[in-house]
Amino acid sequence: MARTDGRDGNQLRPPSAELGVLRRCDGSCRFTQGGTEVVAGVYGPAVPRYSRDEDYTGPAVEVVVRSGTGAALGSERLLEAMLAGATRAIVVRELYPNTALSGTVHVLHGDGAVTAAALNALTLALVDAGVALRGLACGAVVAAQGSTLLLDPTEAEEDAAQGACFLALLEGAADEKDGAADDAVGAGGGAGDGAGADRILVMDSWGRCDKELQLKMTRAAVSAAKAAANFARVVLDRRTALQERNTPMETG
């Protein structure tokens, strides 16, 4: 099926990511895919503002989503809840007891697959902040037009689709066991090796989809989320290599 931007159905728009774009937060990322552009910032882990937010099992997590108009209404509340839940699932919580961890996600431009872009930006911002993660949480959206699947749909393709699926995948997760933090993503500023098990964190579908179509969309979304995780790993490895080149060598 020919798409308006010339892609095949199984093609993603080329992503780009830039770390450290915001000065007043501990980590940040600008993530762009096609006409969708999102900037995420992370603050903390830090001492909670209120004692009631203290939790000895890990950080209290809050995520706020803002659109280009500065409002956070309607479906953005659902996106905030999803992003906060994904963050709680991937942070190595035992390293940050009685702390607060907050994120802001600004949707600068939305042209389809905004949910996936928001998650990908926030994950990279968490690593940029040095927060230890069990793995990279990356997302993908797949739309269906008839029997044809469209990966990373534009806004027009989402509007015309009979159904769509968003999936958040925790790729290469470290086990929740003693010593797992040693191999965590971001623990030393790196991207990890993705050698652990994959786990679906969130899956949401909408529209008219039978079980067979839902299964096909899920499989396609998993593959697309893995591609997003591979891209994130490349971005982080490049950042690490650049930091190493810029670090003065010690001489005896």
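Which residues touch the most other members of the largest nonpolar core? In this predicted model, local features need pLDDT of at least 70 and side-chain atom pairs count only at pLDDT 80 or more, while totals for chains, interfaces and linings use all residues. Residues are numbered from 1 along each chain as its sequence is written, and side-chain values use heavy atoms, without hydrogens and water.

Leu83, Val105 and Leu126 hold that position among the 48 residues of the core. Helix α2 gives the most to this core, with 10 residues. A nonpolar core is a set of buried Ala, Val, Leu, Ile, Met, Phe, Trp, Tyr and Cys residues joined through side-chain atoms within 4.5 Å; buried means under 20% relative accessible area, with a 1.4 Å probe and protein chains only.

Beyond its neighbours within four places in sequence, Leu83 is in contact (heavy atoms within 4.5 Å) with Val63, Val65, Val105, Ala118, Leu119 and Leu122.

Helix α2 (a DSSP run of H or I, at least four residues) is largely enclosed by the rest of the structure, because 13 of its 15 residues are buried. Just after α2, Gly130 takes a positive phi of about 80°.

The structure holds one aromatic pair, formed by Phe31 and Phe231 in an edge-to-face arrangement (ring centres within 6.5 Å, planes over 60 degrees apart).

| Property of the Phe31 and Phe231 pair | Value |
|---|---|
| Centre to centre | 6.2 Å |
| Angle between the planes | 75° |

Phe31 lies in strand β2 and Phe231 in helix α4, 200 residues apart. Phe31 is buried, with a relative accessible area of 3%.

Technical notes:
Buried means under 20% relative accessible area, exposed over 50%, partly exposed in between (1.4 Å probe, protein chains only). Helices (H or I, at least four residues) and strands (E, at least two) are DSSP runs, numbered from the N terminus. Rings of Phe, Tyr and Trp (its six-membered ring) pair if their centres lie within 6.5 Å; planes under 30 degrees apart count as stacked, over 60 as edge-to-face and the rest as tilted.
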